[in-house]
Amino acid sequence: MHLRYSYRIYPTAGQRSALARTFGCARVVYNDALAARKQARKDGLPYPKSTGLQKLVITAAKKTAERAWLASVGVDPLIQSLRDLDTAYRNYFDSVSGKRQGRPVGLPRFKSRKDNRQSLRFTRNGFRIRGNGKLNLAKIGDVRVRWSRSLPADPSSVTILLDPSGRYHASFVVDVEPSHLPELDTEIGIDLGLATYAVLSDGQVIDNPRFLRKAEKKLRAAQRELSRKAKGSKNREKARRKVARAHAKVADTRHDWLHKQTTRIIRETQAVYLEDLNVRGLGRGRLAKSVHDAGWSTFRRLLEEKAARYGRTVGIVHRAFPSSQLCSQCGHRDGPKPLAVREWACGACGVLHDRDLNAARNILAAGQADRLNAPGGPVRPGVAIPHRARPDERGTHLGDLPRTDVRAAGAGGIPAR
Ligand SMILES: [Zn+2]
């Protein structure tokens, strides 16, 4: 199982300019290869092979006057850049053919110097961790790392990232064995909300941290300041950094919080069931800010990753499942309830329900039913695996595992509309 471990790194001024040069070269190589592929397609020629492209845009290009500077940086990140282009094409083709699930993937696009994130990947040949804890990158030098936690094994690659706030991170990919926790009997359903972050079917309530809302005031002030600065000025660049830093701080705090919550849930529970919320759809609406703040998709991804690692199960209940309309006591379908309705009495059995707790209980029942009805019987622990982690994502990720959502038509025996 591939996991990602990310650390802040502190390159010196000299190393920063070497990195900037390498970012630039990797981008040019990527764009040249993309242009060559587009041209081949235009000319009706076969899709150029990676080895041929590598010769063309790296080896041969170095010998030309206009690309001679490619020789001044390490070759490893340049080759990785071409691999990224291959992956981008593969994702596109798989998306078109339906092999890849989720959001449709477009054709690879040219990279720009102005892109928000710059990244470089080094494989085993391109980096080393020194005895003194520094990270040696080929042709860059020994970079200081803040080891916030220890690496569990030798990493197979490292990605160097520069974010818009000017911070550098090293993200290592490490291959580790899953370490299954002792099995438990507990299973829970989780209802994600806005008033409270989540309500669990056992009655636990996770309060909404609203980090973003609190930090928003600060952000708004920083943004106002930015809008007043003249375009292209030094002060504008400074103000832009300030905005980016404020955003980054909120994101980090949220990420830590989500890690803590998901670790606790996975430790205490054998199986977790969630609703398949259409976060992308919600994210565009009026609730956008709160949804974004809440980080539901990250919450789900972290649960799925940790479940796979520790031998737990995450089941996803279809979003058409009317979790807030059903009575969890008698199964009566009571009809839609506006968000403002926090409590309601069942029209059939008369039980008074807390809206979210009732929904969590319904999600638990539907998830358990789905699991029993799933093709091939109850699913094994840890088979509900998320989509492939993008190489540029930070945090702890799983690598190349197939996506097999626990999902069946008519969730919980209730016909999906
Ligand atoms: Zn009822």
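The model is a predicted one, where local features need pLDDT of at least 70, side-chain atom pairs count only at pLDDT 80 or more, and totals for chains, interfaces and linings use all residues. Residues are numbered from 1 along each chain as its sequence is written, and side-chain values use heavy atoms, with hydrogens and water left out.

Back to that pair. Strand β2 (residues 118–123) runs antiparallel to β6, and six bridges link them. Here helices (H or I, at least four residues) and strands (E, at least two) are DSSP runs, numbered from the N terminus, and two strands count as paired if DSSP finds at least two bridges between them. Strand β6 itself covers residues 155–162, and seven of its eight residues are buried, where buried means under 20% relative accessible area, exposed over 50% and partly exposed in between (1.4 Å probe, protein chains only).

β6 has another antiparallel partner in strand β7 (residues 168–175), with seven bridges joining the two. Along this pairing, P155 sits opposite V174 in β7. β6 and β7 make a hairpin with five residues between them, and G166 in the turn has a positive phi of about 85°.

Now hop over to an open sheet of five strands, in the order β10-β9-β8-β11-β12, with mixed pairing. At its edges are β10 (205–206) and β12 (313–317), each of which pairs on one side only. Strand β9 (residues 198–200) pairs with β10 over two bridges in the antiparallel sense, and there V199 stands opposite V205 in β10.

Helix α8 packs on this sheet, touching β8 (187–192), β11 (271–275) and β12; a contact means heavy atoms within 4.5 Å. The direction of α8 makes about 140° with that of β12, taking axes as lines fitted to C-alpha atoms, for helices over the stretch in contact, with angles from 0 to 180 degrees between N-to-C directions.

What does α8 look like on its own? It has 15 residues (296–310) and reaches 21 Å from its first C-alpha to its last, close to the 21 Å expected at 1.5 Å a residue, that is, 1.5 Å times one less than its number of residues. Because 13 of its 15 residues are buried, α8 is largely enclosed by the rest of the structure. After α8 comes G311, with a positive phi near 75°.
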